[in-house]
Amino acid sequence: MSFWAPTVPSWIWSVLVLSFLLGINFFGARGFGEAEYWLAGVKVVAIVVFVGIGVAMDLGWIGGQAVGFDLWGIPGAPFKAGAVGVFDVFVVAFFSFGGTELVGITAAEVRNPRENIPRAINQTIWRILLFFISTIFIIGLLIRNDDPSLLNSATREDITIAPFTLVFTRAGFHSAAHLMNGVILSAVLSAGNSAMYAASRTLMALGRDGRAPEFLGRTNGRGVPVASLLVTAGVGTVAFLGTLFGGILTWISIVIIHIRFRMAYAAQGKSLDDLPYRTPIYPIGAFVAIVLALAVFFGQGYAALVTKEGGWKDV
C-alpha cells in the first residue's frame, strides 16, 4: 500500500486489513471460502498470463530476440553461489509453499469431505508446479542471474524492480508495477485470511479436547468459533511488533503426527482401506520429508554463517 500511498503509516493498513479479515471470518467457512475464491482467482489469472507471456518472450514472439536457455550458460547459472546459494533462498521460497496444509484443517467444515478432501490434496502437486515451479523457471530463463535488479529487489521494497514486474515491463506492459502490486496485495490478503481461519479452528479444536480453555471450543449458530476468532485477532495485533517464524518446524511436526496417527491406527486393528485418503509411498515419503525439512533447517543456518567463498561470516 505504501507504493500507492507512501505518506500513510503502514500500521493503519495493517489494522484495516486485520479488521477486514476478521469480518470475513465471522461468516464462517462460507465467508472464508468465498473470499479465497476471488483472492486466489486474481493470483491464478496473473500467473497464467505471466507464464504465457514469459514463454512467448523466451521464444522471441514478443519483446525482441528469442532467449531460449542462453542465460543458463553464463557464469554461475543455473545455481548461483552453489549449495550455499540454494540454502540461502529456502527461507523465502518456503513462505510460498506454506498454506497447502490448510486442506486438512478445513475437513471438518467441508461438504462431503471423503470425496472433496482427497481431490483437493491430489490437485496440490499440479498447483505447485503451475504457481511456483513454472514461474521461477520462466524468471530463470528471462533474467540474468547477475542482473542488479535481483539483488536490489531483495533489499528494497520497490515493486518496480521485482522479477515479475521486470518480465511484464520488458514485454511492453508499462503499467506492470501497478498490476503486480495489486496481485501481491490480493496474495497477502489471501494468506492472512487462510492463517486466521486455520488458527481459530485449531484453537477451537484444542478447547473442545480440553487442551485449551473450554470457552474457545464454543461456536455460534453458524458454527463460527467467535472466542477463538477474537483471540486469534488479538494475537494478530501483537504480531505488528515483529515477524513470526517457524513454518518448517510446523511441517516437521505435521509429518511426525501423521506417522504416529498411522501407527495408532494400525495398532487398533483398523483397515487402511477405510481411510478416504492415503499418502503415497508411506512411510518412505514421510521420513524423506522429515530428512529434507531438517536439511533445509540446518542448511539455512549453514548459509547464514558461511560466505560464498567458504569462510565464516562475521557475526
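**A surface patch and the cores**

Guide: V55, L59, W61 and I62 make a nonpolar surface patch of about 390 Å². Patches consist of residues with over 30% relative accessible area and no salt bridge, nonpolar side chains (Val, Leu, Ile, Met, Phe, Trp, Tyr) being joined within 5 Å and like charges within 9 Å; a salt bridge places a side-chain nitrogen of Lys or Arg within 4 Å of a carboxyl oxygen of Asp or Glu. Areas come from the Shrake-Rupley method with a 1.4 Å probe, and for residues only the protein chains shown count as cover.

The model is predicted: local features need pLDDT of at least 70 and side-chain atom pairs pLDDT 80 or more, while totals for chains, interfaces and linings use all residues. Residues are numbered from 1 along each chain as its sequence is written, and side-chain values use heavy atoms, without hydrogens or water.

L59 lies in the loop between helix 2 and helix 3 (82-88); helices are DSSP runs of H or I with at least four residues, numbered from the N terminus. L59 counts as partly exposed, at 43% relative accessibility, since buried means under 20%, exposed over 50% and partly exposed in between.

The largest nonpolar core has 21 residues, and F50, M57, L142, V167 and F168 have the most contacts inside it. Such a core is a set of buried Ala, Val, Leu, Ile, Met, Phe, Trp, Tyr and Cys residues joined through side-chain atoms within 4.5 Å. Helix 2 gives the largest share of this core, six residues.

Notes:
Buried means under 20% relative accessible area, exposed over 50%, partly exposed in between (1.4 Å probe, protein chains only). Helices (H or I, at least four residues) and strands (E, at least two) are DSSP runs, numbered from the N terminus.
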